[in-house]
Amino acid sequence: MRACRAVTSIGSSVERTDSAAKVRGETVYAIDRIEAGMLHGQLLRSPVPAGSIIRLETARARAVPGVRAVITAADVPDVLAGWFLRDTPLFARKVVRYAGEPVAAVAADTLEAARAAVQALELVLEEHEAIHSIEDALRTGAALVHPEWRTYQFLPGGEWPRAGNVATRSVCEVGDVASAFRRAHRVVEDTFSSNRQFQAFLEARSAIGICRGGRYVVHTGHQYPFNVRDRIAQFLDLPQSWVRVCGHALGGGFGGKLDYGLEPYAAVLSRFAGGRPVRLAHSFAEDLAAAGPRDNSIITIRSALDASGAIIGREFRADLDNGAYTGEMLAMPGIAANIAGAVYRVGAARVESNLVYTNTPPTGAFRGVSGVAMYTALERHMDHIARELGVDRREYRLRHLLAPGDALLSGQVLPDAGILREAFDAVERIAPWAGLSNRRQPWRGVGIGACVWVTNPGPASVTLKLNEDGTVAVLSGAIEIGSGSFAAGVTQLVAEELGLRPTDVVLPEPDTDVAAYDSGSQGSRTVRMIGGAARAEARQLRAQILERAAHLLQAGPDDLELGGGAVRRRDAAAGQVPLALVAAADLFQAGPIAATARYAEPPPAFDPTRSSGALMPAFPGVSYHVHLAEVEVDPVTGTVRVLRYVVAQEVGRAINPANIRGQIQGGVAQGIGLTLHESLRMERGHCVERSMATYRLPLSVDVPDVEVVLLEHPDPQAPHGIRGVAEAPIVLVPAVIGNAVADAIGQPVHATPITPEEILRLIMAGEADPVAAG
Amino acid sequence: MIELRLQLNGRDERVAIEPAETLLDVLRGRLRLTGTKESCREGECGACTVLIDGQPVASCLYAAQAAAGRRVETVEGLAAGGELAPLQRRLIEAAAVQCGYCTPGMLMTLTALLREQPEPTAAQVREALAGNVCRCTGYAQIVEAVAGSVLPAGPCGRAAP
Amino acid sequence: MSTEFVSAGSLGEALDWLASLGSDAAVLAGGTDLMLQLRRDEQRAGTLLHIERLRELGEVRRSDALAIGALVTHRKLARAPELRPCHGAICAAAALVGGWQTQNVGTVGGNLCNASPAADLVPPLLVHGARVGLESRARGRRELALAEFLLDRRRTRREPDELLTEVLLEPVAPRTADTFMKVGRRSAMEVAIASLALRLTLAPDDATITAVRVATGAVGPVACRAVATEALLTGARLGDAIARAAAAQLSQEIRPIDDARGSASYRRAVIGRVLVQALDDCAARIRARRQRGHGDDR
């Protein structure tokens, strides 16, 4: 699918407007920025996973030549910040809760001086017994990671189900589960474990902070500038307007740049350094160890089957590792309920999900979030059921798919669930199952799976203004994070509405002083939500333009149309007026042409009494997906190669097919990394993998070309029928590759990543006389 | 500090550096040519790839003085006279640029490849790019920018509703 | 204290620098190992002695023996026409050292002097009986078997004033094939979890093993030959039983550790299986050549 320069946008693979600067190497990413007179910051991080701070002496650090500021918890308000639950200090004050937790920060003329100053800080800790794992945390009588958990403020207000080391518990019960299991003809049970994954954005996190006149200005490459603003305001106990966040081009985020990173430290250091700009930047290795990876989890599923093999009861339990502090993760347990009954009928169900504190670096959002581990468990479990019943794995799924009008466990009805079947059929046309599953080439296997995914519904607000040269600027708090959602998607929607070329739509970088609140680039919301707002006010802008042009063309506004960057009469009488002229005309009498609009969607109807502890109890902007993978296992070494990968994805309306394909290909590649190559293990509170050499990212020679089919059933709710596209492609990858590997070796796999060690162990266990049982 | 002389993007360049500085730090820090990116700083990711005498080299691990007197090319030198090079155009047209951070390194490696092999196969492109990590694209469109599509029936079909 | 940088224009100049600087100097060829270790503070150097300009060390020569100059890059080695006929395992290993960027500047000499336990070139050089040539102002030239040159993880017998100048290979007998296998998770860019090189010579009956060399990498502090396994195989009739016995022997003979890349038990399990595959591959190639009528040809 090649990008083109078409004028009409929707449905065309129009070139992104940010590509030219990127291929020239001219795009200035956050990490490329410098400020005149800037200082260099460094953090002192805790060397142990749990302990009390006995002493922290800063005198020697302050004496290092070139040092301009040294700050600790004593220099900032004694408050806790947080996205939903305020449990996080800026610096550890009396105790440290994870290896890597910031304890102090310094700013100096040079990086070398800053490093020397950090070395010169004297930190004396008394180490405690640490909680290293979910199991440790949940054991009766386990020490508390947060003994004062009761005092923490829950921001949405009111009561919230949490206790001790469980930061959130979400429970959903539908129907009589106990009875279903009593009646069951057969019960199938599985436990799955899933490990952490680092987002591995190639541009490490960085920030520049400047404090002048009590106001803080922060420059950062971030997916959610308003979140950074709010977090800094919390840490410093200030009104939000005292903080200004300027967002810049970022080299990858994938959810890892949704919460604060180095920004608050840069801001505070600047204040203590007399207002001089302070830059902090991580190395790749520091980002790897610091905070925010995909959570590790343990998921147990039990299914009660009747005599025909239908699932009449399901128990689903997911324990998710929060790490030491809570960020976005509070929203995760609540998605289990919808996922547990999302694709196949399950009858009665009890779903429980716990977010568990441990003394490890806090986990965070990464494409697909905890939904990846949940679907991995569900779909590997489905293969298990099919094998127990002796039914073909694809056939079993088709028999029990949700039908149109069926509901999720939350009670939310899916009127278009029939798309699931269509997606299975679409995959079948490209990759016929019988051929792949019966071929019986040694050491080859095939796997299939399906999911229902969501579009993040965070409301949007956008301002459009017509520039005096006829171009249009889109002012928003969201940003182009690389997916093309702005440089293509939103750009195309605006261009379409106003009859412009995409290159005439200007995207200034976000500035929280200028734009109204926006929920950031996350959860595939940008094109749908920002696009929705942009389209709404493009219409307002259009009305203003036509009204002003009406004078110039001696016609009523209804007789006019927009196209080719100009206004002309519909009746094709001669004469047209370029937008630049429209903007300039009456400028000093009537003023400039601009419009602002909000966009929000009412949540889908659901039954709020079914779930407790769910921050996002419904699935707005539903999309449907079926993935298939064919793999080959090397029986000598246990390594796995993905031979073929097929995706059928419901997108509502494909605004830019080439872009969508890029998101699918990229998401699958990240999923292959998660499943086969990447590994972020914790050992007694410390990361085992410390650099890119051991944190292996998938390479060009590791990833097949994904075969993609797009389904387009417009969502009646959304502008142009768009459904969120970019997040979902990772969700099914560990599930279908896991199923394919299990098919290839004839034994199930219960962990992610699937390591050659584990595969070789399974292969040798199955060999009558294993070679080198060593 | 000593003076380093090298031929950079066709021009003679002189810059004062510390004796053992890496070429990457000299390009980004001293010459403020930030098109060459810093990422892993371990020679694992290829984001810092430049050409030295036409060969791709990880500039994060290459001493700047080792490039003295040699021909160094960075991404800033590809667009001659401001016009995008054909390879740059092909990447744009193939929708192969997402966040764009790996793009300069990819461009340098691909430039070297195309000079040796004007019509590489997809397999040859993948081999050549094994040292250039991309986290966004999953590589397929980058490979296609150079080698054309390999998928049988069009990579992005649409099913009738 | 800032590190200095000097660049030698000739072998003589390089040896002079080494004579005067000794262990204060770090020899810099492609730098892919050294620069990384300096950055990580795993090594300190007062002066970087840059030797990339020594063209005389950058060639593969065939005189009495095959000689590989210390500055031959991995890329050049991978494609060397002098090596492909009978020393293909060395080419295969060179092609697997990192990506294009590493292969362009990384050198044989650097790989050997760095002496990583996982150095890809070492096992195939060992099975070909490699010897290294070292030169110094003070003592002139000396030669050492590669196996003796490598002492331990990251330690060699190179004296601080010596430069490794070349690697010399044995001639190869007829009816011989070699192979190199590398175990890693991805298809490229891997530091080996385990590696193995095999050189196999069969008698005219195509079954009796007249000579065999087995070398492993990344499964001990230094890549080395598996002499007990070799002894078990030498003179034996190649077949399933002896292959399995050799595999079991090799699993016991290696000294692997648990590290971030792999566990000791995986390394033990996999190295035997890799040996069986390598024996199969080499035997098949020897027999195929025979059938194509090459007879005693190499």
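Domain bounds here come from an automatic or database domain assignment. This is a predicted model, in which local features need pLDDT of at least 70, side-chain atom pairs count only at pLDDT 80 or more, and totals for chains, interfaces and linings use all residues. Residues are numbered from 1 along each chain as its sequence is written, while chains are lettered from A and ligands numbered from 1 in the order in which they are written.

**View 1. Domains 1 and 3 of chain A.** Chain A is divided into domain 1 (19-29 + 458-599), domain 2 (33-128 + 205-281) and domain 3 (297-456 + 606-766). Between the C-alpha centres of domain 1 of chain A and domain 3 of chain A there are 38 Å. Contact, meaning that C-beta atoms placed from the backbone lie within 7 Å, joins 17 residues of domain 1 of chain A to 14 residues of domain 3 of chain A. On the domain 1 side, helix 14 (485-498) and helix 15 (526-553) of chain A each supply at least two residues. Helices (H or I, at least four residues) and strands (E, at least two) are DSSP runs, numbered from the N terminus. That side has three nonpolar, 11 polar and three charged residues. Ala, Val, Leu, Ile, Met, Phe, Trp, Tyr, Cys and Pro count as nonpolar, Asp, Glu, Lys and Arg as charged, and the others, Gly among them, as polar.

**View 2. Helix 14 of chain A.** Of the 14 residues in helix 14 of chain A, 14 are buried, that is, with 20 or more other C-beta atoms within 10 Å of their own, C-beta atoms being placed from the backbone. Helix 14 of chain A bends by about 30 degrees at T491(A), the bend being the angle between axes fitted to the seven residues ending there and the seven starting there. After helix 14 of chain A comes G499(A), with a positive phi near 65 degrees.

**View 3. Contact of chain A with chain B.** Here 57 residues of chain A meet 49 residues of chain B. Helix 1 (19-24), helix 12 (419-430), helix 18 (657-677) and strand 31 (707-711) of chain A each give two or more residues to the chain A side. Helix 18 of chain A gives the most, with nine residues. By class, the chain A side has 27 nonpolar, 17 polar and 13 charged residues.

**View 4. Contact of chain C with chain A.** This contact takes 24 residues from chain C and 20 residues from chain A. Helix 11 (264-291) of chain C is one of the elements that supply at least two residues to the chain C side, and helix 11 of chain C gives the most, with nine residues.

Conventions:
Two residues are in contact if their C-beta atoms, placed from the backbone, lie within 7 Å. A residue is buried if 20 or more other C-beta atoms lie within 10 Å of its own, exposed if 12 or fewer, and partly exposed in between; C-beta atoms are placed from the backbone.
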